[in-house]
Amino acid sequence: MAKGVNDNDFVSVVNGKLMLNGKPYKYVGTNMWYAAILASEGRGGNRAKLCSELDRLHSLGVDNLRILVGADGGEGLTSHVMPVLQPEPGVYNDTILQGLDYLLVQLEQRGMKAVLYLNNSWEWSGGYSAYLEWAGQGKALIPRVDGYKQYVGYVKEFVHNKVAKQLFYNHVQRIVSRSNSITGKPYSESPAIMSWQIGNEPRAFSREGLADFREYILTTARIIKGIDARHLVSTGSEGLMGCEFSLECWTDIHAAPEIDYANIHIWPATWRWIKRDEMFTNVEKACQASKEYVQRHYDAIKQYAKPIVLEEFGYHRDEFSFAPGSPTVARDKYYTFITNLMLEGDMLAGCNFWAWSGSARPAHLWWEPWDDHTGDPAQEEQGLYSVFDCDHSTLGVIAAAAERARKASQ
C-alpha cells in the first residue's frame, strides 16, 4: 500500500455489499457528466461554479457523482459535447485533463466519490462512433441527422472492430495510469474515485454481437485491473435493455471476477413502460414496472454476491415542462419510490438520479456553444431531466433520502 493511502478510504465490495470506512455504503448520488469540463480553465470551465455546485450537493448529502472522463471525436458536430478531450486518437486536450485533476482534488477535500466512465455507446460524447471513424469505418453517423436505425447499423460494428477497440484500450491505459498534475499522485491513489466504469450504457446493438460485446467489456476490465487494482471496476450497463434483452448476457458479464458490482438504468418514458398521457396521472404504473425490472436483475445476480447500483433514473417534469422551478409532483413521487426501494431492502446498494444541473440555466431548447452545461447532454432538450437548484420540492426528496442513507451507513 502506498504511503499515506488508507484502504478504508476506498469503496470495496465485501459479501455482496459496498463498503466504505469499514461500514456498509448506501448512497443517493447524481449524474454530473460535465464536471471535468466545468473544472477546467478553458472553454466551458468555471472552477468557482464547480466548487459551488459540489458544496451544494454535499450539503444535500449527495456525495457520489457519475462523471464522463471526456468526449471523443470532432468538435462542432450536431448533438455532440464540447469541448472534446480526445479530438484524434491519442491526442488530448490537456486543459480537460487538468480539469479532471482539479475535480478529483476538490472531491477528495469534501470526502466525495466519483464513478468515472471512459466510453459511450451514444453519439453525444463520441465514443463508439468516434473510434469507428478513426478505424476507417467511414464517417460517424448521428441519429438526429442520419436516423436512429442507420446509427445502430453503424455503431454495432464497434464490438467486432479490432482496430477501434484497440484505440479505446489505448485510451483506457492512458487515463487510468495518469498521475494528477496538482498532487503528483497517481490516480490509483485517489480515494475520490469509487469506480472506473467502462462506458455509458455500453451495448452490442445486435444479438449477433453479444459474444464480442462480452469480450470487449471483460478485456477492458482486465486492462484497468492490471493498472489499478485498488479501485472498483463497473460496466455502466442499463441491464436487460443494454444486452439486447438477454438477462443471461447481463448476468454472465457481471458475474465475472473482473467486474466488482452490477449496474442497471431505468427510463420509464424512453422505454415506453408508461404512455405519455399516463406519466403524471399514473406514476404508480411506472413505479411498479421499475420495481419489477430491479427484481429481475437482483434475482439473477444475487447468487454471485454482487451489489447492484441503479446509476441512472429519470422522470419528466409535470406537463413535460423544461423550465427550471416548474412543477415536479410526478417526478417527486417517482424519486421517492426509487430511493425508498434502495433504502428499504437489499436489492439496490445505491442510486444516482439523472441529472444535476444546479445553477445552470438553459439558454436554448437545444444546447448551443457556449451555453451552460446542464444535466441534459447536447442531444436532448435542455431541462428535460435536469434537477436545478430552484427545484425545491425535488431537492427536499433528495436530501431526506440522502440523510436516511447516511444513517443506514453508520
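Okay, helix 11, residues 329-343: its 15 residues at 1.5 Å each should span 21 Å, and its end C-alpha atoms sit 21 Å apart, so the two agree. The expected span here is 1.5 Å times one less than the number of residues. Helices are DSSP runs of H or I with at least four residues, strands are E runs of at least two, and both are numbered from the N terminus.

Quick note on the source: this is a predicted model, where local features need pLDDT of at least 70, side-chain atom pairs count only at pLDDT 80 or more, and totals for chains, interfaces and linings use all residues. Residues are numbered from 1 along each chain as its sequence is written, and side-chain values use heavy atoms, with hydrogens and water left out.

Which residues of helix 11 are buried? Among them are Ala330, Tyr334, Tyr335, Ile338 and Met342, where buried means under 20% relative accessible area, exposed over 50% and partly exposed in between, with a 1.4 Å probe and protein chains only. Arg331 and Asp332 are on the buried list too.

Zooming out, the chain has 12 helices and 13 strands, and buried residues make up 60% of its 410 residues.

Now, Trp122. You'll find Trp122 in the loop between strand 6 (113-117) and helix 4 (127-134). Is Trp122 buried or exposed? It's buried, because its relative accessible area is 14%. Setting aside neighbours within four places in sequence, Trp122 is in contact (heavy atoms within 4.5 Å) with Tyr148, Tyr151, Asn200, Glu201, Arg203 and Phe205.
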